[in-house]
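Hi,

Here is the structure I promised to pass on. Have a look at it first, then read my notes below.

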Amino acid sequence: MKLYTYFRSSAAYRVRIALNLKGVTYESVSVNLLKGEQREETYKAVNPQGRVPSLEIGATTLIQSPAILEYLDEVYPEPPLLPVGAVTRAKVRAIASLIACDIHPLNNSGTLAYLKNRLGHDQAAADDWYAHWVREGFDAIEALLGPGPYAFGSKISLADVYLVPQVFNARRFNVPLDAYPKIAAVDAACSAHKAFQDAAPANQPDAI
């Protein structure tokens, strides 16, 4: 199994966490987004969208982190990323979707580059944009989280897999987390787990 990744990509970060949680061995292949390697024809042959992550499984390559995470949970069911019970599973999926659909697309590297390079906004305006959408999402997530230590109780779920990379990004862009004690507590609990530690950006071979 081969994971095309970039150390700071939150979408790739999610997949690294899941692979580690499930004990799946994989080869890490760096795609340097800052150098534009995702736009090169050699990588477009792997992933026509030109984004990370991509997960090569034999003759097939999967793209898009939500699809990859679902695949991993189906093929490697232990430990499960979704809890027992339809209602709780829906709540976990809601947190994951809030991050994947509402926060991340507005704040990914392509969007921020478009704001600056095509629309002419300066770095301060781009930072304000980033912080605004993080706060919008985190306000809701803080209210939706269940009892700890993890996002929904005593077991790690898909909500944690999505939340930790987003917290990393918030800190990287200097978004204060003082108003989000529950989010910070979940992040701290996850950060004590080896699967999350090994997946962290600073611990990747391509970290700079």
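The largest pocket holds about 1,100 Å³ of space. A pocket here is an open set of points on a 1 Å grid over the protein atoms alone, where a 1.4 Å probe fits, with protein on both sides within 12 Å along at least five of seven lines. The volume is the space filled by probe spheres set on those points, which are joined across faces, edges and corners.

This is a predicted model, where local features need pLDDT of at least 70 and side-chain atom pairs count only at pLDDT 80 or more, while totals for chains, interfaces and linings use all residues. Residues are numbered from 1 along each chain as its sequence is written, and side-chain values use heavy atoms, leaving out hydrogens and water.

Back to the pocket: 41 residues line it, and Leu-33, His-104, Asn-108, Ser-109 and Gly-110 lie nearest its centre. (Lining residues have an atom within 4 Å of a point.) H5 gives the largest share of the lining, six residues. Helices are DSSP runs of H or I with at least four residues, strands are E runs of at least two, and both are numbered from the N terminus.

One runs from Val-52 to Pro-53, with omega near 5°, and Pro-53 sits in the loop between helix H2 (41–44) and strand E3 (54–57). The other runs from Gly-148 to Pro-149, with omega near 10°; Pro-149 is in the loop between H6 and H7.

Cheers
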